Amino acid sequence: MAAAAAAALAQQPCDGAIRQSTLLQGILWRLNIRPQRRVSAWDIRCEWWVWQLLKLPGACHGWWVRRPRHPPGPGPRVSESGYLESSFDQTLLALASRKTSIRPVLLCRRHRASHAAMPADRLLNTLLQHYQDVHDEPKSEQILGTTVHLLTHLGNPLNLGVLTSQLLTAPAIWRRPGFDLSHALRIVSIYNTAALRVRQDAAEALEKKNKPGFAHAPPPPPGQERESGGLKPEDWVRAVVKGADDRSARWQHLLVLTGVLVGFEGNDRRTLSRGLRGTLQQAVVTAANMALRSHAEDGPLAEASIVMALNYAFPLLSAHHQAQLDCDVLLPVLLWAMLREGCVDGVFLEGIARDVTQTVGGGGGGGGCSWPQHAPSFLTLVDMDRRPVMSNMGPVAKMAAFAATHARDTNIVLQAQEDLLLFSHKLLDAWAKCRLSSVEYGVASAQLSQETLQATWPVLWQVLKKIMFGVVATLQSIVSRGLLDPRMLHEAVAPSVAAKSLQILRNISFISSVDGNNAFQVYTFTYLTSLDVICRSTPACEKFLSDFRPAEGLSVPSAHLQRTLDLYYLNVAEHMPLSLTTEAADVLIIKPATSYMSFDGVMSPTMVEMFESAHSAVLSVLSCPQHSALTIQLAPFYIVKLFESFPHQISPRQFRVAFKTVIQMVSPPFEIAALEPMLGETLLEMLLNYIATASTVPLAPDEAAQAASTEGGVTLQSAQSALVLALIDALPFLPLPLVEEWMAIAAQTLNTIADPRLRRPVKERFWDILINGEMDVERSAIGVAWWGTKGGRELVLFGAGPAEPPMMSGALMTGESKL
């Protein structure tokens, strides 16, 4: 009946406007369509086209449409794609939710179109024809530009939906030669740009409307008014999203939705209403989850596109919508994108190894490694650094950390750690085969050619740092989850997870140990938390140290990479003596550290760190009460090594800390003080002997002293004054019978420092140790008595006076009689 009525309407003469309007009103009423106003003669022709496209399968000038799934009716409707709910006029909504075959549905608008609208409609027809063929690069770029133009100039919501639908299936876009991830992301850029332009047009229209006298202002001259589609941002969003239909893949829908969201809501723009903003965010999450479920069938390009689209949209999603992402599927896809699409599994290092050559006359006038800018591996590295995933490694890693934290399946998280471990192994192996691994970063100018040092070397380390930050950021979330997840907290799982985390950090230590790259909070948390967890298990500690123990022998390895790995080993071993048996501590810590403590070669920056770490590792063993038997054997040997190393290999600050620690360990209440009661005083006598022959020339301040001097000024020290300070630092740990005697000896030794500039900080340290609470109550009482009634004050402030010849206790004094 409705079709017959529409045909009858079409046969009515146009001059019977009232009769036609009444008839059309009746048809719309029978179809449950409620127009907001009375239908005019012009609307008769418009609604005729609408009805021709809505009736049962019929033709309108060769453009075939399908019957609506639901009859038009009042209330909101949902499009076939399932993304948005809208309150469009029911006639237009039903039409917009249908799909045309090839050509656009050029419907008349409810109001007479302006003169400028027709060219846009004809341009749309031309553009859609060009979509059907594959073109060269210039033509393809022109097509993309025209698409942006039409997205901002089409005023009919239906045509915008058709344009989006055709764009997502156009061979000219998706089958262009060399199509890759960067081309796919152009879809995001297209809709982002169009959304920005629509937002700008809406803002300008509102501003113009609010100007005084707008209603009476004459229209601008032709050509001076900027053309636009005239749609409000919210109407534009709904129209565009209608085009994301079943003819295209879900990951392609995600690109469109991301572009729209970023364009209207990025950079704290609040263009859309709260309700539509939430609906659009929900559409992004829905499209992402549906795309993730079919990523294996869609291929690697789809996976990378999903990752990058979410990378742009993720910061704009509310916490509620972020939590709806399917992290069990998202986490493996993110790791694939980071490690394979972005870092290409470290294969780029193999190409660098082939292109690096050894040249004569390199840095410093000797031989050096050369890696020129024209090398194929360098060009590959630059191209890799510019790719979308690598250039966005930080945000992608942050999203991977989120996925690892919120994944429901613990096995997915454990597998992610395995993937990171495998990747770090590949990266370390590839770096070990490259000649550049023998170059120490701190002295690279002496080992590299000038071109390499200035051009290629910095780019390489920029890429390596990105890789390290991405790996550590993801690993940190896994370690954090291990503290909360009951399955990962199990005693059979937790030590293994911690050991793998430490192994990953070891494999990338050739990057993290350079230029302070490990001095950021995420790395520190991951490193120390893993150590805390593994140290709860003695077998896990012994296994980890046994697996990566440096090669046996007294010789220090010459390869810089191996020294770097040994440095990481010693730093880790320093935290484990409490969890090891005495035999294991001797084999796994003391012996590897001794070889580096005995090194007498050139002290490069790395070797200085190695030497300090070796001393710290030994001190950590000596500080453990359960290793007292080992401490008795090591203490004299270690003190000798300590004196031999000072001041050329360790700083005054490090010497003082080391000597104080040893004195503390051999004094009460530790067990060794009862086994060897004279050991502490013997070490002090050794210190006195070295003070007598120590140099009095001021030393150059170390890095820690320079940092402290920025606030309180530079404090000069010589080898002699540093040894005296070490003696004063040991006073709070001496047995009670020795405290007063060694206070007097320290005061006398203080006055042997001839230079007032060097003596003043030593004297201040003596006063400080008496009053700052470092001594316990009993030793403080001895110190007060010595200072007040036994000449301590005069001895410290004014010196001991003329030296007396040594004599036996109780000898008769030969001098002038006082009688």
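This note goes through some local features of a predicted model, point by point.

1. Basis. Because the model is predicted, local features need pLDDT of at least 70 and side-chain atom pairs count only at pLDDT 80 or more, while totals for chains, interfaces and linings use all residues. Residues are numbered from 1 along each chain as its sequence is written, and side-chain values use heavy atoms, with hydrogens and water left out.

2. Helices 31 and 32. Helix 31 (residues 628-645) packs against helix 32 (residues 652-665) at an angle of about 165°, and their axes are 11 Å apart. Helix 31 is therefore roughly antiparallel to helix 32. Helices here are DSSP runs (H or I, at least four residues), numbered from the N terminus. Axes are lines fitted to C-alpha atoms over the stretch in contact, with angles running from 0 to 180 degrees between N-to-C directions. Angles over 145 degrees count as roughly antiparallel. The crossing of the two helices is left-handed, meaning that the near helix is turned anticlockwise from the far one by less than a right angle.

3. Cis peptide bonds. The loop between helix 31 and helix 32 holds Pro647. The bond from Phe646 to Pro647 is cis, with omega near 5°. Another cis bond runs from Pro668 to Pro669, with omega near 10°. Pro669 sits in the loop between helix 32 and helix 33 (671-675).

4. Salt bridge Arg176 to Glu137. A salt bridge needs a side-chain nitrogen of Lys or Arg within 4 Å of a carboxyl oxygen of Asp or Glu. The count by this rule is 27 salt bridges. One of them joins the side chains of Arg176 and Glu137, at 2.6 Å from N to O. Arg176 is in the loop between helix 8 (171-174) and helix 9 (181-209) and Glu137 is in helix 6 (residues 137-153), so the pair ties together parts 39 residues apart in sequence. Arg176 counts as buried at 5% relative accessibility, whereas Glu137 counts as partly exposed at 39%. The cut-offs are under 20% relative accessible area for buried, over 50% for exposed, and in between for partly exposed (1.4 Å probe, protein chains only).

5. Salt bridge Asp345 to Lys426. Here the closest N and O atoms are 3.6 Å apart. Asp345 lies in the loop between helix 16 (327-342) and helix 17 (348-355), and Lys426 lies in helix 21 (residues 410-432), so the pair links distant parts of the chain, 81 residues apart. Asp345 is buried at 19% relative accessibility; Lys426 is partly exposed at 33%. Elsewhere, salt bridges that share partners join Arg656, Asp729, Arg765, Asp768 and Glu774 into one network.

6. Positive phi values. Asn267, a residue other than glycine, has a positive phi near 55°. Asn267 is in the loop between helix 11 (250-265) and helix 12 (274-293) and is exposed, with a relative accessible area of 70%. Asp515 also has a positive phi, near 55°. Asp515 is in the loop between helix 25 (509-512) and helix 26 (521-534) and counts as exposed at 52% relative accessibility.

7. Surface patch. Leu483, Leu484 and Phe525 make a nonpolar surface patch of about 290 Å². Such patches use residues with over 30% relative accessible area and no salt bridge, with nonpolar side chains (Val, Leu, Ile, Met, Phe, Trp, Tyr) joined within 5 Å. Areas come from the Shrake-Rupley method with a 1.4 Å probe. Leu484 is in the loop between helix 22 (450-482) and helix 23 (486-489) and counts as exposed at 70% relative accessibility.

Methods: Patches are made of residues with over 30% relative accessible area and no salt bridge: like charges are joined within 9 Å, nonpolar side chains (Val, Leu, Ile, Met, Phe, Trp, Tyr) within 5 Å. Angles under 35 degrees count as roughly parallel, over 145 as roughly antiparallel, 65 to 115 as roughly perpendicular and the rest as oblique.
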